[in-house]
Amino acid sequence: MKLNVSVNIVFFNVLATIFLSLGATRSVGQIKVQNMLIEHMANPIGVATVKPRFSWQLVSDKRNLLQTAYEIRVANDSSALFLGKALVWNSGRVFSDSSINVSFKGRSLQSGRRYYWQVRVWGNSGKVSDWSTPAFFQMAFLNSSDWKAKWIAPGFTEDSLRASPLFRKQFNSPRKIKSATAYITAHGLYEAQINGKRIGDAYLTPGWTSYHKRLQYQVYDVTDKVIQGENAIGITLGSGWYRSHMSWDNIPDSYGKDIALLFQLNILYDDGTTEQIISDESWKSSTAEIRYSEIYNGETIDSRKEKKGWNMAEFNDNDWSGVKVSRNAMNILVATVNEPVKKHETFKPVKILTTPKGEKVIDFGQNLVGWVVVKASGRNGDTIKINHAEVLDKLGNFYTTNLRSAKSENNYVLKGGGEQTFEPHFSWQGFRYIKISGYTGQLIPENFTAVALYSDMEPTGTFTTSNPLINQLQRNIEWGQKGNFLDVPTDCPQRDERLGWTGDAQVFSRTAFFLRNGNNFFAKWLKDLAADQSPNGKVPDVIPNVLNYPNGGATGWSDASTIIPWNLYLAYGDKRLLKEQYPSMKAWVRFMTDSSRNYIWANGFHYGDWLSYMLDNDLYGRSAVTDKYLIAQCFYAHSTQLLINTAKVLGKTKDVTDYQKLLVHIKDAFMREYVTGNGRLVSGTQTAYVLALNFDMLPIHLRKQAADRLVKNIRSYGNHITTGFLGTPYICQVLSRFGKTNVAYDLLLQESFPSWLYPVKMGATTIWERWNGIRPDGTFEPASMNSFNHYAYGAIGDWMYSQMVGLDIDENGPGYKKIKIQPHIGGNLTYATATHITPYGKLSSGWKVENGKLIIDSEIPANTTATIYIPANRADAVTEAGKSITKSKDIRVGKLRNGYLELQVGSGRYIFCGEWPLNTKKESR
Ligand code: BGC
């Protein structure tokens with residue numbers, strides 16, 4: 001069987017090589033096509049959309065490459081593709097510059113079928129590329145009748161701890177196998193094996209969705225696992241999000257008490273016949289070593305109860321129970337859209353210590369999310385207990401109070417007789433430290449490995465500067481994202497929440513999209529947001545919504561429904577996603593309008609500028625509390641503006657007019673209610689001015705004075721930030737926009753509390769929930785709300801990429817079709833550089849100040865254009881690759897304004913050099 005598969009692959013590769021070399025001999029240009037994606041994924045298996053979209057990237061060693069035409073061809077198999085005969089679809093030569101999200105336009109694609117495709121492109125030089133290396137995609141189930149499997153539940157009564165059930169099925173494959181595909185989902189979480197081999201490398205499958213409305217299934221190519229002859233399928237389930245105790249209220253069974261499996265294996269034999277192995281009444285069930293598993297509390301594994309060989313064909317399952325066939329819904333099954341959770345970095349202990357209390361503790365040096373793989377040997381019945389913590393307290397003792405009711409404890413019972421390896425399956429922890437009890441041997445580093453688990457989104461950003469503290473801040477932002485992008489965007493990964501808080505997600509979204517490709521991750525989550533949204537448009541506080549009380553409608557939280565789709569559109573240019581979310585976006589704005597009187601939205605519960613700077617016993621009124629309704633009015637306007645933008649993109653002209661009228665009313669109401677004649681806001685906080693300026697709430701003539709008031713406020717706090725969740729993402733953006741980048745740098749480089757660098761100085765390896773989670777004297781903020789891994793304040797990452805280095809999206813060309821590069825030099829840095837993998841390819845820029853010169857090195861991906869703003873006060877003082885830019889045929893020199901020279905360029909690398917410092921007093925705009 002294996003032979004068959006590898007023969008296929010070899011054939012495919014041989015064809016590709018012959019084809020490429022043929023192509024090379026008749027090559028007429030330097031254009032190459034690479035990174036071919038379907039629905040933003042490379043060679044995906046399980047595509048459910050009937051008109052999948054194709055994307056590719058162009059590369060060339062020449063500058064100014066734009067695509068003028070493309071041709072796509074799709075075939076049922078690689079040889080047909082190679083010959084260009086019997087094609088499923090040939091787009092023909094299409095004159096277009098589109099190289100991302102190009103829709104399939106052929107006849108219907110078939111359920112479960114694999115297709116091979118290639119593309120070639122024409123460039124503006126008149127040259128044509130070779131046909132690309134072939135890529136493939138495989139369709140998911142397209143019709144509900146494709147599902148033959150039945151839902152099955154354990155055939156025994158579960159014990160009180162709800163030990164993980166095992167399901168088993170033995171079957172015979174009589175003939176030579178050509179391909180085998182497994183379709184799997186569960187109520188709960190599953191880990192599946194065929195003949196003892198794990199299916200796939202995804203964890204915590206099927207992931208978390210609004211289970212009653214949408215349940216994702218995964219599709220796996222298991223051709224290399226099924227053999228001709230006797231086979232066995234073994235599947236273990238865990239309670240997972242489906243029925244673990246969730247939220248601080250510890251509500252069990254959010255989606256139901258039942259745990260169940262749905263499994264289908266479609267086998268295609270060499271002789272063309274097919275067979276399906278499905279979950280049905282013929283399966284067997286039992287329990288084994290996973291005795292307990294809950295998301296917050298951890299897992300208990302008693303290895304004495306292991307059923308050796310249970311996942312192999314030879315196993316005798318006579319004493320196993322049967323299964324119950326259950327009538328769970330089938331019409332909510334959807335193919336998976338987002339990247340699965342996978343194992344990533346591993347960490348070895350950096351320190352093994354005994355605390356003053358006598359606890360045995362291991363420090364992994366990084367606050368991360370995942371689990372620890374433990375190797376141990378001992379006597380039969382010895383129990384090793386592993387507890388998890390993010391921090392040690394002031395005295396150096398193990399501190400878990402901030403986990404609240406989450407036990408985060410794994411227990412491993414040994415069976416004796418040699419070394420054993422343990423790791424949890426359906427529970428994970430947020431930790432830097434573990435405490436070990438019951439370990440009989442000596443604690444040695446080799447026996448403990450921390451593994452980071454997170455959604456396998458493509459890393460798309462790198463960032464580095466001459467300031468090590470800023471670089472550590474950037475790393476902390478990255479780790480905040482890794483730990484909290486675990487199938488859904490969570491607030492925190494450790495205490496009894498780990499929920500998809502909408503506010504946190506929207507606050508961080510722009511930063512997130514620089515660091516990792518968030519297109520599919522958020523496309524999936526936004527579907528759940530729309531699914532859980534109330535008919536009146538109210539968006540719940542957490543998505544999926546597992547809170548057991550009426551919630552939602554909070555300003556800055558529910559706006560995730562408008563802000564995230566728009567940010568996604570800007571970052572990835574995915575118009576279909578905007579179209580799909582449009583009804584949800586509209587419904588949210590309708591909710592705010594319906595809740596308003598005379599266009600003022602001043603009611604309902606709001607979190608406001610959550611966790612802004614606050615003092616106990618605030619004698620001098622220094623706490624930075626912003627009027628919640630002022631904030632609500634700003635976000636009401638902002639969401640309406642985003643709806644206008646979206647309606648324009650979607651060509652909904654009537655909506656554009658209607659919402660524009662609405663926006664005028666909202667802003668007029670804001671002026672009446674919250675602004676004095678001189679432009680002072682009724683709340684004089686940083687957040688109030690930041691939101692009013694960022695969302696254009698004030699008429700142009702009042703903006704400068706507002707920006708000045710903002711600066712005055714910042715100065716009055718000794719250059720400290722006082723914003724909470726809602727003001728933080730925009731404060732430095734607003735400062736740069738109004739020519740006050742120096743103040744933004746003062747905030748960024750501030751090292752004392754409250755500031756971004758204060759936690760860095762305190763040794764943080766992630767972003768903290770609070771500006772002062774650990775106080776300067778080493779004591780903690782109240783444990784009721786003190787996470788050390790909350791990404792919201794990491795939202796400064798957006799400014800660091802887009803302003804400090806200056807890699808930005810030009811809103812007129814979403815998805816980086818048009819790029820804006822405008823570096824902001826300052827903060828005594830000598831260099832700052834970043835790269836970002838855009839849908840068109842790698843974009844990078846960096847600046848360096850050296851010997852009275854400013855060097856800017858930028859690389860623009862093919863099939864895009866960029867406007868680069870070079871700090872300068874004379875065009876003839878700037879050179880590119882050693883020559884005056886005024887003489888370069890590749891650069892169009894534009895206006896000189898506010899200390900920047902505007903240049904238009906096409907793709908390619910440019911190294912500019914100018915004078916530094918500039919002989920000018922003013923900064924931009
Ligand atoms: C979460 C937050 C969330 C908030 C609502 C908290 O418990 O951890 O990050 O946004 O509740 O204010």
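**View 1. Pro-917 sits in the segment after β47 (908-915).** Strands here are DSSP runs of E, at least two residues long, numbered from the N terminus. The bond that joins Trp-916 and Pro-917 is a cis peptide bond, with omega at about 0°. A quick word on what you're looking at: this is a predicted model, where local features need pLDDT of at least 70, side-chain atom pairs count only at pLDDT 80 or more, and totals for chains, interfaces and linings use all residues. Residues are numbered from 1 along each chain as its sequence is written, and side-chain values use heavy atoms, with hydrogens and water left out.

**View 2. Thr-205 and Pro-206 are linked by a cis peptide bond.** Omega is near 10° for this one. Look for Pro-206 in the loop between β14 (197-198) and β15 (215-221). For context, most peptide bonds are trans.

**View 3. Zooming in, Arg-495, Asp-504 and His-790 each put a polar side-chain atom by a ligand oxygen.** A side-chain N or O atom of Asp-504 is 2.5 Å from an oxygen atom of the ligand. For Arg-495, the distance from a polar side-chain atom to a ligand oxygen is 2.6 Å, and for a side-chain N or O of His-790 it's 2.9 Å. On its own the ligand exposes 310 Å², and the protein buries 97% of that (Shrake-Rupley areas, 1.4 Å probe).

**View 4. Glu-39 has a positive phi, near 50°, without being a glycine.** Glu-39 lies in the loop between β1 (32-38) and β2 (45-47). With 9% relative accessibility, Glu-39 counts as buried (under 20% relative accessible area; exposed is over 50%, and partly exposed is in between, with a 1.4 Å probe and protein chains only).

**View 5. Asn-851 is another non-glycine residue with positive phi, this time near 45°.** You'll find Asn-851 in the loop between β40 (841-850) and β41 (853-860). Buried or exposed, Asn-851? Exposed, at a relative accessible area of 75%.

Methods. Polar contact = N/O pair within 3.5 Å; in protein donor to acceptor, adjacent residues only side chain to side chain. Helix = DSSP H or I, 4+ residues; strand = E, 2+ residues; numbered from the N terminus.
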